[in-house]
Each structure stands twice: as C-alpha cells, then as structure tokens.
Amino acid sequence: PTIFVAMPSILVNSRDITNFVVKEGHGVKGLAEMGLESLPEQYIQPPEGRMDTSIIVPEESVPVIDMSHWHDPKVADLICDAAEKWGFFQIVNHGVPIEVLKDVKDASHRFFNLPAEEKRKLLKENSPTNNVRFGTSFIPEAEKALEWKDYLSLFYVTDDEAAAFWPPVCKNQTLEFIQSSDLVVKKLLRVLMKRLNVTEIKESLLMGSKRINLNYYPICPNPELTVGVGRHSDVSTLTIPLQDDIGGLYVRKKVSDSWIHVSPISGSLVINIGDALQIMSNGRYKSVEHRVVANGRKNRISVPIFVTPKPTDVIGPLSEVLESGETPKYKQVLYSDYVKHFFRKGHDGKENRICKDMTA
C-alpha cells in the first residue's frame, strides 16, 4: 500500500520506508525530520497496544526517596517497600553528579544527530562488535507494528574495550555515567538483600554485567496511534533509567489495569526492579510492566543502565530466601536462555514470559 508523506519523491511505499529507517541507518529520527503529515502504517499499533488515556491515574506517583541518609533504617524501609509494592521508584540526592547526568544527555543528542552514514556503521550487520549496536524499534523483524524509537545499545566489558569500539561522540560521557552510578547500585542492592536475609552481597551474580542504552523518541505526527516502547518488564536485576524533562514513562500499577506517569524530577534517577531480581527474591520484589508513549510536540531521550547477572549465571530463588521453608515459585534457569527468550518477539507485556516460562 502507498504511504504518502511530505516528500513523496523520496519515499512512496512501506518497503521504501522500512529500508530507509531500518536498513539505511536513518532511523525513525530521519523519518520524523522529513515532515510526515501522518503516521506510516507499519507504526500504527493495534488498539490493545496503544495507551488508553482513560486508565491513567493522574493523582498518583511512584515513591520518591531521598538517599542523603541511606544508612537510616527508615530510608532502607522506603526502598524495600517500594520494591515490593511498586517495582519502581525515583531517588534524589543519590550522589551521581548533576554534571554527569547533563553530559550523558547532551552526548545522547550528539550521537543521534550524527549523519545516517555514521550510525549505519553500527547496525547489527555492520558493527565491528556485538557489544555496540545502533537500531530502531525493538525487534523490527518480529514485531506486528514498529515502535517510534531509535537506540544505541552499549554492552560494557572493560574500559579498554569501550575505548576501542564505543562512538567517540558519547563514549566518555556514557562511561562516566556507568562508573558514577556503580556505588548507588551497590547501596541499593545491599539494602534490598538485607531484607531478604542475604548477608553476603553476591555482586558477581547481581551485577555481573552492565549495558547502557541511549534512547531517542522523535516528535511523532500521530502519537495516539503508536508507542515509544510497548508494554514490557526488564530482564535485569535493576534498571537505572535517566529521563530528560519531557516525560512519557508510564508504570503499570500492581494488580490493576491502571497506569501511572513517572514524572521527571530534575536531578533524579529512576530505579526499577527487573525480572532477575523478582526471580531471585522468589517474587518478593516486583518487576512490573512499563511503557513509553510517543510525543507529538518534543523530541525525548532517556539513558537507562541495565544491571544484570552474567550470561553464564544460573538464576533462581536465592537459597537464603528459601531457608525458612518458603516454596520456590520459579525454576532455576541459565540467564542467557532467559534473555534469548525475551529478545525472540516484540514487546507484548510480561505475562507471556516470567509467569508461564519460569514458574516452578
């Protein structure tokens, strides 16, 4: 079918658009900058995939926790309660310098402003390493409808490897953000493990690997018809998303069909529990669905750090959690197998993964 755009001499049909966006490295950003008058059909989500504004709860927000006195038992309780009841919270006064947060956001814009021929060098089929990948949507070849998002994904191995392969326009800033957030992650995990009666912090298991994404959500001509990111939960132990001031991240309220906006707070970091920690806590800490809406007025970026087990780790309920006789709710599974399952299909919520495939 023909898709008319503001510059029809360049793109006239859906195949041209897919090649332009996915194969040629222009991304959705390049498409958005052509002055589209309407959303191309491959980005139109089925009704069940769109955000229904009637189920948004505007008067609620996820907890905001001041980390200034993180040794205070009251702060520890706030963190653990948020992990149990919400699966999401924001932290302020966390110790990561504001300049570091600003610099990595600026670097994200610089990367996505590179010419398409530069970004094309980092597509899956062109990148010199599997640890660096530029792409668009989530898994274009497996999705019924594409997501309105471009990304750069950087899997951290060592500083030297990053120096050799990460794009120069954002390399130093992304490394600084990862390194600066390391202490915050350790503090949070120490607190969360203590409530589980785990005294030895298993850093190698809980945070054996790290990946950072730079995400770009361009202005969209029909934001109500598509999504930035569809419903999903993360496969991580913890995810640390850095938002800009635009907003658009929504979290599913536990045991309900309502959604809550994670309103941007200057200088804050968002924290969300991933599937791996839900499994290791035997379901005590909750990995919840979240999504990102498209925006019709402004370009948005986010920079999440994914803290995960190593691919070779086997995850399951921690032995300390089961010492009291608690029945394991989840099977033991090789983490790389769990991740492969996640990347096999598009974002379609959480229930099709952790609940069916991992239940003991």
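I call two strands paired if DSSP finds at least two bridges between them; helices (H or I, at least four residues) and strands (E, at least two) are DSSP runs, numbered from the N terminus. This is a predicted model, so I kept its limits in mind: local features need pLDDT of at least 70, side-chain atom pairs count only at pLDDT 80 or more, and totals for chains, interfaces and linings use all residues. Residues are numbered from 1 along each chain as its sequence is written, and side-chain values use heavy atoms, leaving out hydrogens and water.

Entry one, strand β5. I looked up the partners of β5 and found strand β4 (residues 150-156), antiparallel to β5 over seven bridges. Here Ser-153 sits opposite Asn-213 of β5. Strand β12 (residues 300-308) also runs antiparallel to β5, joined by seven bridges, and Ser-209 faces Thr-308 there.

Are the residues of β5 buried or exposed? Nine of nine in this strand (residues 209-217) are buried, where buried means under 20% relative accessible area, exposed over 50% and partly exposed in between (1.4 Å probe, protein chains only). In a regular strand, side chains alternate between the two faces of the sheet. Both faces of β5 are covered, with Asn-213 among the buried residues on one side and Leu-214 among those on the other.

Entry two, Gln-278. I found Gln-278 in helix α9 (residues 275-280), buried at 6% relative accessible area. Its side chain comes to 2.9 Å from the backbone nitrogen of Ser-287.

My search of the whole structure for disulfides (cysteine sulfur pairs within 2.5 Å) gave zero. Cys-80 is buried at 3% relative accessibility, and Cys-170 is buried at 0%.

Terms used: Polar contact = N/O pair within 3.5 Å; in protein donor to acceptor, adjacent residues only side chain to side chain.
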